[in-house]
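This briefing concerns a ligand site and selected local features of the backbone and side chains. Please consult the sequence and structure below alongside the text.

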Amino acid sequence: RPVRVAVLGVGMMGQDHARRLATLTAGAELVAVSDVDVVRTDAVAAEFGVRAIHDPKAAIVDPEVDALVIATPGFTHEELVLLALEAGKPVLCEKPLTTTPETSRRIVEAEAALGRQLVQVGFMRRFDAGYQQLRALIASGEYGAPLFLHCAHRNATTPPNFSSEMLMLDSVVHEVDVVRYLTGEEVVAIRVIAPRSTTSAPDGLQDPQFVIMETESGVLVDVEIFVNTTFGYEVRTELVAEKGQARIGLPGGFEGGMVTQSGRGWGGSIPKDFKERFGAAYDVEFQRWIDAVRAGTNVDGPGVWDGYAAAAVCAAGVQSLKTGERVVIDLGPRP
Ligand code: ISE
């Protein structure tokens, strides 16, 4: 029988996931939605013809819910994920796992104590065809050792209340995971430089930022994070290795992209947001997660250690943003 899933948090991302589960993911049945916003919960529940459970904690222990998607704001994740672990239910938790290394560490330890994996973290870029190709290329050794990764991560605009720290915690957290995924190494140091801010950013927001990370073997990574470009969504990664280079995410090079030539010139389209740019990756992520839940393995992708490592690097990044110093990261022992 299908896996009965409740989606906790039905803002933009949660609604997208609810739709995915209700219409696309084979072997899944969307049975309930939950959100602190009662009106929104009822509206989304009515749209999909499922139960509205106003208290997310009640949804977690509900006997008619087998598995959970957590898409509430990051600061709520710790409590909800720990409750799901207590209830013994599989969880796909949107990134970030939590917003501090201490809280993510508690989840790592709670899952280790349980002795089985239940939590997958929603780093969807690992399911994007481009990143998978780049990882396979690095792993093949054909180009020799990686030396640099140059990354650009651009958004059109930011939601209200997006803070300078969130460029790190909410946006660069993806690059942290990508670096770990592509190189198979931990990030050991980070430095954040604050250049001139764009006049398109809300007052007081440090946007863009420039991030430099170092991995265990000394691969150097730079990230331009710029979240108020005003016009579109772009995520690019360029690998420079000893004997070759490769780029992913160029206009026309991603899912659905098209390059045109006509009397008006040469060009292509740029996705407007991450739902468009990574739509196919989310679809694959959800299908593989549901398949894993049905198989009883529960996780097929990044887990709690990946969530913790990313949280630790991002906390160091926030510290560096404040001090301007290079910050060294110590993850401590892995259970
Ligand atoms: C958002 O939360 C995401 O996860 C997007 O992928 C990222 O591009 C954006 O900057 C974040 O705010």
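By class, the shell around the ligand comprises four nonpolar, four polar and two charged residues. The model is predicted. The ligand sits in the largest pocket, and helix H7 (residues 164–183) supplies the largest share of the shell, three residues.

**Ligand site**

- The residues around the ligand are Lys95, Met124, His153, Asn155, Phe162, Asp170, Ser171, His174, Tyr233 and Phe274.
- A polar side-chain atom of Asn155 is placed 2.6 Å from an oxygen atom of the ligand.
- For His174, an N or O atom of the side chain lies 2.8 Å from an oxygen atom of the ligand.
- The side chain of Tyr233 likewise has an N or O atom 2.6 Å from an oxygen atom of the ligand.
- On its own the ligand has 300 Å² of accessible area, of which the protein covers 90%.

**Cis peptide bonds**

- Most peptide bonds are trans.
- The peptide bond from Lys95 to Pro96 is cis, with omega near -10°.
- Lys95 is also one of the residues around the ligand, and Pro96 lies in the loop between strand E5 (91–94) and H5.
- A cis peptide bond also joins Asp207 and Pro208, where omega is about 5°.
- Pro208 belongs to the loop between strand E8 (187–193) and strand E9 (209–215).

**Positive phi values**

- Most residues other than glycine have a negative phi.
- Asn161 has a positive phi, near 70°, and is located in the loop between strand E7 (146–154) and H7.
- Because its relative accessible area of 74% is over 50%, Asn161 counts as exposed.
- Thr230 has a positive phi, near 80°, within the loop between strand E10 (220–226) and strand E11 (234–241).
- The relative accessible area of Thr230 is 52%, so this residue is classed as exposed.

- Arg105 is part of helix H5 (residues 101–114).
- With a relative accessible area of 16%, which is under 20%, Arg105 is therefore buried.
- A polar atom of the Arg105 side chain lies 2.9 Å from the backbone oxygen of Leu331.
- The Arg105 side chain also reaches the backbone oxygen of Pro333, at 2.4 Å.

**Leu24**

- Leu24 is found in the loop between helix H1 (12–23) and strand E2 (28–34).
- Leu24 has a relative accessible area of 48% and is therefore partly exposed.
- Leu24 and Gly11 are separated by 13 residues in sequence and by 19 Å in space, C-alpha to C-alpha.

Terms used:
Residues are numbered from 1 along each chain as its sequence is written. Side-chain values use heavy atoms; hydrogens and water are left out. A residue is near a molecule or strand if one of its heavy atoms lies within 4 Å of it. A polar contact is a pair of N or O atoms within 3.5 Å; within protein, one must be able to donate a hydrogen and the other to accept it, and residues adjacent in sequence count only if both atoms are side-chain atoms. Accessible areas come from the Shrake-Rupley method with a 1.4 Å probe; for residues, only the protein chains shown count as cover. On a 1 Å grid over the protein atoms alone, a cavity is a set of points where a 1.4 Å probe fits but cannot get out, and a pocket is an open set with protein on both sides within 12 Å along at least five of seven lines; lining residues have an atom within 4 Å of a point. A molecule sits in a cavity or pocket if more than half of its atoms lie within 2 Å of its grid points. Helices (H or I, at least four residues) and strands (E, at least two) are DSSP runs, numbered from the N terminus. Ala, Val, Leu, Ile, Met, Phe, Trp, Tyr, Cys and Pro count as nonpolar, Asp, Glu, Lys and Arg as charged, and the others, Gly among them, as polar. Buried means under 20% relative accessible area, exposed over 50%, partly exposed in between (1.4 Å probe, protein chains only).
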